[in-house]
Amino acid sequence: MSIQLLVPDLGGFENIPVIEVLVQPGQTIKKNDPLVTLESSKATMEVPASHGGRVLRVLVQLNDRVSQGSPVVELDEIVSTEQQAQIEIPQVVTKSEPLQPSVSLPAKIVSLPGQPFSASVHASPTVRQFARELGVPLEKIVPSGPNKRILKTDVQQFVKQLVQQNTNGIGGFSLEPWPDIDFSQFGLIQKRPLTRIQKLTGAYLHRNWVRIPHVTYTDEVDITDLENHRQTYNEQQPVGVKLTILSYLLKALVAALKTHPELNSSLVGEELILKQYYHFGFAVDTSQGLVVPVVRDVEQLLLPQLAERVFQMAERARSGQISPRELQGGSFTVSSLGSVGGRFFTPIINAPEVAILGVGRTQIQPIWSDGTFVPRSMLPLSLSYDHRVVDGVLGARFMNTLKKELLLLLNQI
Ligand code: CAO
């Protein structure tokens, strides 16, 4: 039996726009389920179904205007024996006969102007109910419906994003949307897309910066004697690759990491994976962006071999010839800006590693020694570490060891 469900008495309101259609053909509905939402200048109302059944046709569209008695839905009614007894026969007609109005339940007024929850957000009672059940504050949702109305899909999208953020481990962040500004209104601009490498490294750097509690510890090491040694060695080797400060540091790192193995580890869940290999990445500035080749088994390389390896890998990184395998497996990373300038900075940890060493430019400084100032070459070092794994004392001890090991190298060449 088909019946029409009608708009009930609206308390004197007429020609009220339909702002949401909540059912569709083929859908099975129960008595009291909301069919449409109407919104007058004074209130938002839901029209509930007076009968349960399968929706054959929806007789209104968005923005249609309805009054009491307007047909909303044509329904193929499902009636239990008990319900059948309660239904007044004249209001229910078979499809072959002209359709007659059925009983309509009073409209539910769910939102009135002045009520706190409707003050600034537009949403139908069903959507409000849905959001309430999920504990979602409507004020936080970006509306996509007409007249800035929040739809059910907006609530679902909001929840989806929250779940996604929680899966990524950054639940709890509630940030303002990124500003969308047309800069050309202020002056001339030029657009340049990020390179593929910039896009890739950018995403990883962002993740690491957000997910790892970084602490950066800074110190200086007096490398006057090491510099003399390096320069003398390089002068005596007119051919071949010269020794660089970076290669000394990589070598000294092996010894320092053996003393403090926590800094040569990865945090997996609640377990530390302590690595007994020493594969070190070093940041190379290329025309396409930052690339980090990994020198394997630094422990087994003599200083000149290490300098040669670093030089060749940097060259291949710059010419785009480094293989993906050569970018993998690092246990610690060094980022040296020494050839460019500057002193201290905050290098971002190259996850899943737990620490990274930033190297600044050596500067000759007056250092107090034996009652007088003497000029010494001071190398600035910035160690960023994951504070979940390395605490402040360990970080400081590690730096002390590294400084000591760097100077001990002088006796090894
Ligand atoms: N203090 C003073 N001078 C330094 C120095 C330091 N800490 N480190 C290097 N230099 C000098 C070298 O002695 C060399 O000088 P000479 O030509 O007079 O001998 C010059 O700088 C160039 O050094 P280099 O480039 O040959 O060797 P390197 O080991 O310092 O650098 C590499 C190699 C690959 C690290 C470097 O080329 C590079 O790409 N650096 C940028 C790394 C980077 O992008 N870091 C940031 C990552 S986060 O965005």
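## Basis of the description

Because the model is predicted, local features need pLDDT of at least 70 and side-chain atom pairs count only at pLDDT 80 or more, while totals for chains, interfaces and linings use all residues. Residues are numbered from 1 along each chain as its sequence is written, and side-chain values use heavy atoms, with hydrogens and water left out.

## The chain as a whole

The secondary structure of the protein chain comes to eight helices and 22 strands, where helices (H or I, at least four residues) and strands (E, at least two) are DSSP runs numbered from the N terminus. Of its 413 residues, 39% count as buried; buried means under 20% relative accessible area, exposed over 50%, and partly exposed in between, with a 1.4 Å probe and protein chains only.

Among contacts (heavy atoms within 4.5 Å) between residues at least 6 apart in sequence, 62% join residues at least 24 apart. The protein chain exposes about 23,800 Å², of which carbon and sulfur atoms supply 53%; accessible areas come from the Shrake-Rupley method with a 1.4 Å probe, and for residues only the protein chains shown count as cover.

## Strand β19 between two partners

Four of the five residues of strand β19 (residues 332-336) are buried, so the strand is largely enclosed by the rest of the structure. β19 pairs in the parallel sense with strand β15 (residues 280-282) over three bridges, and also in the parallel sense with strand β20 (residues 355-359) over four bridges; two strands pair if DSSP finds at least two bridges between them. Thr333 in β19 is the bridge partner of Gly281, and Thr333 also stands opposite Ile356 in β20.

## Salt bridges across the chain

The structure holds eleven salt bridges, each being a side-chain nitrogen of Lys or Arg within 4 Å of a carboxyl oxygen of Asp or Glu. One of them joins Lys403 and Asp219, whose closest N and O atoms are 2.8 Å apart; this pair links distant parts of the chain, with Lys403 in helix α8 and Asp219 in strand β12, 184 residues apart.

## The loop between α3 and α4

Ile181 has its place in the loop between α3 (152-167) and α4 (196-211), and counts as partly exposed at 38% relative accessibility. Together with Phe183, Phe186 and Ile189, Ile181 forms a nonpolar patch on the surface, with about 440 Å² of accessible area together. Patches are made of residues with over 30% relative accessible area and no salt bridge, like charges being joined within 9 Å and nonpolar side chains (Val, Leu, Ile, Met, Phe, Trp, Tyr) within 5 Å.

Ser174 also lies in the loop between α3 and α4, and counts as exposed at 53% relative accessibility. Ser174 and Lys140 are 34 residues apart in sequence, and their C-alpha atoms are 9.4 Å apart in space.
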